[in-house]
Amino acid sequence: MGDDGAGVPAGTERLRLRRLTMADVGALVELDSDPEVMRFLTGGVATPPATVRDEQLPRLLAQYDRYPGLGRWAAHGRESGEFLGWFALDPSEDGTEAELGYRLRRSTWGRGLATEGSRALVRYAFDTVGVRRVWAETMAVNERSRRVMVKAGLHYVRTFHLQWDDPIPGTEQGEVEYEVRAEEWATVGQERPAARRAR
């Protein structure tokens with residue numbers, strides 16, 4: 001994995017990644033307007049356009065300079081050029097850890113793109129950025145996302161329960177956390193490419 005020199009992961013065979021810009025408001029609003037995409041995040045409720053435009057995007061754009069090499073990137077099909085969603089290595093406060101994230105359009109589901117992009121970002125986080133830990137969280141009932149985390153090299157850490165003012169279905173089963181640490185990656189990370197080729 002490499003870096004394009006501007007803190008952007010090189011992408012994958014099928015995915016091209018780039019920094020977000022304010023011009024992405026429409027694409028992000030459309031992504032978050034799909035009830036199935038938002039099912040395990042908001043119970044299917046869309047993110048208001050003003051929230052994307054005035055809160056989320058400005059915060060994400062500011063992270064690029066504050067945490068070089070980390071952040072959230074728009075994902076495009078390498079051949080089609082089509083906006084497919086985003087991948088993230090959201091930085092911890094001190095920038096030494098990153099939370100893996102992904103949100104893809106429903107039309108891309110079932111093609112292994114979430115796993116492909118996540119594997120690439122985990123490798124980039126350790127081999128290029130040098131974080132000490134990559135972690136991810138989702139609802140315990142979100143089996144699809146949990147499988148992606150495992151395939152990306154993370155392992156289950158814990159189940160925990162949060163208090164919500166407006167719980168969505170499945171909340172009662174809790175949230176789960178997965179992680180992989182730098183010392184683990186140093187031993188297993190180099191084995192992964194060969195193991196994937198053998199499949």
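**Reading buried residues in a predicted model**

In this predicted model, the buried residues of helix α5 pack against β4 (97-104), α4 (113-129), β5 (133-139), β6 (155-160) and β7.

Me: Which residues of helix α5 are buried, and how should I read that word?

Reply: A residue is called buried when its relative accessible area is under 20%. In α5, which covers residues 143-151, the buried residues are S145, R146, V148 and M149.

Me: What follows α5 in the chain?

Reply: The helix is followed by G153, a residue whose phi is positive, near 105°.

Me: Is E179 buried or exposed?

Reply: Here the cut-off of 20% is again what we need, and E179 counts as buried because its relative accessibility is 9%. E179 lies in strand β7, which spans residues 175-181, and its side chain makes a polar contact with the side chain of R133 at 2.7 Å. If residues up to four places away in sequence are left aside, E179 touches R133, V134, W135, L154, H155 and V157.

Me: Where is F160, and which residues does F160 touch?

Reply: F160 is placed in strand β6, and with a relative accessibility of 12% it counts as buried. Leaving out residues up to four places away in sequence, F160 touches E137, G174, E175, V176 and E177.

Me: How many Å separate the C-alpha atoms of F160 and S118?

Reply: These two residues are 42 residues apart along the chain, and their C-alpha atoms are separated by 23 Å.

How values were computed. Residues numbered from 1 in each chain as written. Predicted model: local features only at pLDDT ≥ 70, side-chain atom pairs only at ≥ 80, totals over all residues. Heavy atoms only, no water. Helix = DSSP H or I, 4+ residues; strand = E, 2+ residues; numbered from the N terminus. Buried < 20%, exposed > 50% of the residue type's maximum accessible area, 1.4 Å probe, protein only. Polar contact = N/O pair within 3.5 Å; in protein donor to acceptor, adjacent residues only side chain to side chain. Contact = heavy atoms within 4.5 Å.
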